[in-house]
Structures are given as C-alpha cells and as structure tokens.
Amino acid sequence: WAVIFHRKRRGDDRLPPQVRYNLPIEILYTALPFVLIAVLFYYTARDEDYIDTLTANPNVTVNVVAYQWSWQFNYPQYNVTDNGVMYPGPLPLLELPVGETVRFNLTSPDVIHSFWVPEFLFKRDVIPGHPNHFQVTLTHTGTFTGHCSELCGLYHSRMLFTVKVVSQQQFQQWISARQSSSTTTSSTGQTAVKTATRSVSK
C-alpha cells in the first residue's frame, strides 16, 4: 500500500501531511495496556488463591517425599506408608478416595523434583528445605501414571508412580489391608528377634 499509493512522484517535491500529535490515540495506547494488565492480574490472583486454598481439616493427608529416583507416600492419619522403586518397578502406589478432599505435603531430601499427574492438570515443585502444599478433590475414578517433571539426575525419566483413584469404600479397605500387613510384618519381626535371643541365651 505504501509503495503504490505513497511513493514520491516525479516532479512532486511537496511534503506529505505531517501528523505530530493525536491526544485521543496517545491516551488509548497508554491506558489500554494498563487496563489489560489489571484485568489479567485480577483473574490470575483470583485463580491462584483458589488453587492454593487449604482447608483446616482435609479428609485425607498424604506426605509425599520425592528422592532420587522414586517416591514415598505416607498417610499419617492411618500410619500407612508406601514405598516403591523406580521404573520398571514395582512403582510406588498413591491410592486416593474419590469425592474427598486430599492434601499433599511435598518435601525432598536431595534435589528439586516436581510432582505431576497429567490428569490432574496441575503440578507443583518439590524443593529441598521448602515444603510445598496443595489439595485436590478428585471427581473421577481411574488409574493414572504420575511423573517427576523436573530434571533431577540420571534416572529422572524412570521416576514414576501409580495413582489409583477409587471409591471411599475401596480406599478404606485398602488402608485396612495395609495396616494389617504392617501389623503382621511387625509381629513376625518381633517373633524372629525373640527366637534369635533365646537361641543366643541357650
């Protein structure tokens, strides 16, 4: 457009019309960015506050420890802990009830990791010396794969875990089974220690 209609014509030495000031346009392109930024800031702050909200009494609390290169999930209300190993596994299992508020407390003893379940549409960094927290209320049952989404060393890609979202009844059954298993293991260990002690005494 400029080349065709605004090129200098032969023999025409006139200057084109000079436009120096246009106050309405200057106010518009100065004020409009501020309005856009203010609107975006409002919605960002509102959504971040909603995402970071923690209730006083969640239904389930899970203490998550991320370490090179696996995960530990502890349920302090039930005295249940699940450990696994990196891929190919068996992977750590994070079992959660549907329809209940679940709070995650994230810590790491070594390097920065990141707790990520793609189906949650959310992830949060796990930083040494800086505990992080978030909570969710899951609405659908299913089995998913969780990842570490922060490059954390040689076997970062194998740092996976399994997430099972089940009904509240199935969750309570799983908790009871894990508690029974822990009690049985503890009793077996104590019996073995007593037997060994008697043998040494004899």
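**Notebook: rings and strands in a predicted model**

I began with Tyr42, which is partly exposed because its relative accessible area of 49% falls between the limits for buried (under 20%) and exposed (over 50%), taken with a 1.4 Å probe on protein chains only. Tyr43 likewise counts as partly exposed, at 41% relative accessibility.

I noted that this is a predicted model, in which local features need pLDDT of at least 70 and side-chain atom pairs count only at pLDDT 80 or more, while totals for chains, interfaces and linings use all residues. Residues are numbered from 1 along each chain as its sequence is written, and side-chain values use heavy atoms, with hydrogens and water left out.

**Confidence**

I looked up pLDDT, the predictor's confidence in each residue from 0 to 100, and found a chain mean of 85, with 90% of the residues at 70 or more. Over residues 185-202 pLDDT stays under 50, and the model has zero contacts there beyond four places in sequence, a contact being heavy atoms within 4.5 Å. Where pLDDT is low, the predicted coordinates should not be read in detail.

**Aromatic rings**

I found 15 aromatic pairs in the structure, where rings of Phe, Tyr and Trp (its six-membered ring) pair if their centres lie within 6.5 Å, and planes under 30 degrees apart count as stacked, over 60 as edge-to-face and the rest as tilted. Tyr42 and Tyr43 make an edge-to-face pair, 5.0 Å from centre to centre with 75° between the planes. Trp71 and Phe73 make a stacked pair at 6.5 Å and 10°, and both of these residues are buried. They belong to one aromatic cluster together with Phe104, Phe115, Phe122, Phe134 and Phe161.

**Strands**

I took strands as DSSP runs (E, at least two residues), numbered from the N terminus, and two of them as paired if DSSP finds at least two bridges between them. Five strands form an open sheet of mixed pairing, in the order S3-S2-S1-S5-S8. Strands S3 (80-83) and S8 (132-137) stand at the edges with a single partner strand each, so one side of each has no neighbour in the sheet. Strand S2 (residues 70-75) runs antiparallel to S3 and is joined to S3 by four bridges, with Asn74 opposite Thr81.

I then followed S9 (residues 142-148), which pairs antiparallel with S6 (residues 113-117) over two bridges, and which six bridges join to the antiparallel strand S10 (residues 160-166). His147 in S9 is the bridge partner of Trp116, and Lys164 in S10 is that of Thr143.
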